[in-house]
Amino acid sequence: MRALLAAFGLAGFLSGCATFASLDLPRRMPAFGDPPVPIPYRDLRGAVHVHSRYSHDSKGTFDEIVRAARKARLDFVVVTDHNTLQGLREKMDGFYGNTLVLIGTEVSTGAGHLLALGISEEPDRNQDASEILRRIAAEGGLSFIAHGEDKKKRWADWSVAPLTGMEIYSLSSDVRADGHLAVGLGAIALPPRLFFRSVFDKPEALLRRWDELLRERRLVGLGSLDAHAKVRLLGRPIDDYSTMFRVVQTHAWAHELSKGAVLEALKQGHVYVGFDLVAPIRNFLLWAESPKGVTLMGDEVKFGKDLELKVFVPRSGEIRLIKDGTLVAKKKGKFMKAFVTSPGVFRVEVYRRRKLWIVSNPLYVRS
């Protein structure tokens, strides 16, 4: 039976979508401490870049998406079907119980693929990428480059603007990078969680690209799935949402669980990427403190000799502080603080059992 499931999964990979056998693996969610600084936000866990039946290469229903989100204890899901907002027109967005579904679209442009959020009309794909971005921005929407370093779907022009951000991790790209044979054999030999651990790699190319771009511009980083629930066996998805939702999440520090608040958090970069595959996480925070107040990751703060960066991790890990793409400090534990000696772009990576666990968005220290 496992060989049959793997065969179906491998067939899906050959068609260009992440697919794999999955089982529902219940896990106890640990308790998380609150950050040691008062802020008017909540840490909301979300799945970004999800496809449904409105995409040509997906058969997933919104009921399946929401059930999977509840099992994964997600607060929100961002559905981005290929070149369509039909789900939005059919009013499939909004609350399903306590789960918020946001609907955007994945736009196929001449330069590659873009996630467009917070818009009400599909962009014209015949226009060049820069014009598409301008139209998204004019509507008050957000734009993110999707799977930009994927060999099959690589983004062609990193100078385009105005751009909100980029995916700094793509699950589908990560799995495909191991090759069809290795993926097929892994799916046969390993249970789902161990299989994911075997193919999970730090997104070195995407992080390098992000650090290069951050030297010149603000750019929000997201963790994405590119989930399709495409391959079916006896009516059930093999590449099922609930397993994928437990691999990586994008966490948004938002005022409340609402469409406007989540989109604002994504826009401002009050966001971090958490790999639930390594360990569940909530309430991680990077911030700066000075006599003038508190500044969160994603925001800008003026350099001063009394400016201090602080990091809080509810569960112990190896905290690495990165400035302008270079490691400048590391510490094991739940808390780190460091005085800022010069302006720069600061972000944090946290490791647990030698695996990348958390990636923060940057805090911009300006002169």
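Two residues are in contact when heavy atoms of theirs lie within 4.5 Å. Keep that in mind as we walk through this predicted model, in which local features need pLDDT of at least 70, side-chain atom pairs count only at pLDDT 80 or more, and totals for chains, interfaces and linings use all residues. Residues are numbered from 1 along each chain as its sequence is written, and side-chain values use heavy atoms, with hydrogens and water left out.

Let us begin with confidence. The pLDDT, the predictor's confidence in each residue from 0 to 100, averages 88 over the protein chain, and 84% of the residues score at least 70. Over residues 1-26, however, the pLDDT is below 50.

Now look inside. A nonpolar core is a set of buried Ala, Val, Leu, Ile, Met, Phe, Trp, Tyr and Cys residues joined through side-chain atoms within 4.5 Å; buried means under 20% relative accessible area, exposed over 50%, and partly exposed in between (1.4 Å probe, protein chains only). The largest such core has 92 residues, and M166, F245, F275 and F284 touch the most other members. Strand β16 gives the most to this core, with six residues. Leaving aside neighbours within four places in sequence, F284 is in contact with a list of residues including W253, Y272, M297 and F312.

Helices (H or I, at least four residues) and strands (E, at least two) are DSSP runs, numbered from the N terminus, and two strands pair if DSSP finds at least two bridges between them. Here β16 (residues 308-323) runs antiparallel to β17 (residues 326-339), with twelve bridges joining them. One of the paired positions is E318, whose partner in β17 is K332. Two residues lie between the strands of this hairpin, where D324 takes a positive phi near 50°.

Charged side chains come next. A salt bridge is a side-chain nitrogen of Lys or Arg within 4 Å of a carboxyl oxygen of Asp or Glu, and the whole structure has 16 of them. In one, R45 meets D276 at 3.8 Å, N to O. R45 lies in strand β1 and D276 in the loop between β12 and β13, so this pair ties together parts that are 231 residues apart in sequence. Both R45 and D276 are buried. Another salt bridge joins E300 and R366, with the closest N and O atoms 3.5 Å apart. Since E300 sits in strand β15 and R366 in strand β20, that pair links parts 66 residues apart in sequence. E300 is partly exposed, at 43% relative accessible area, and R366 is partly exposed too, at 29%.
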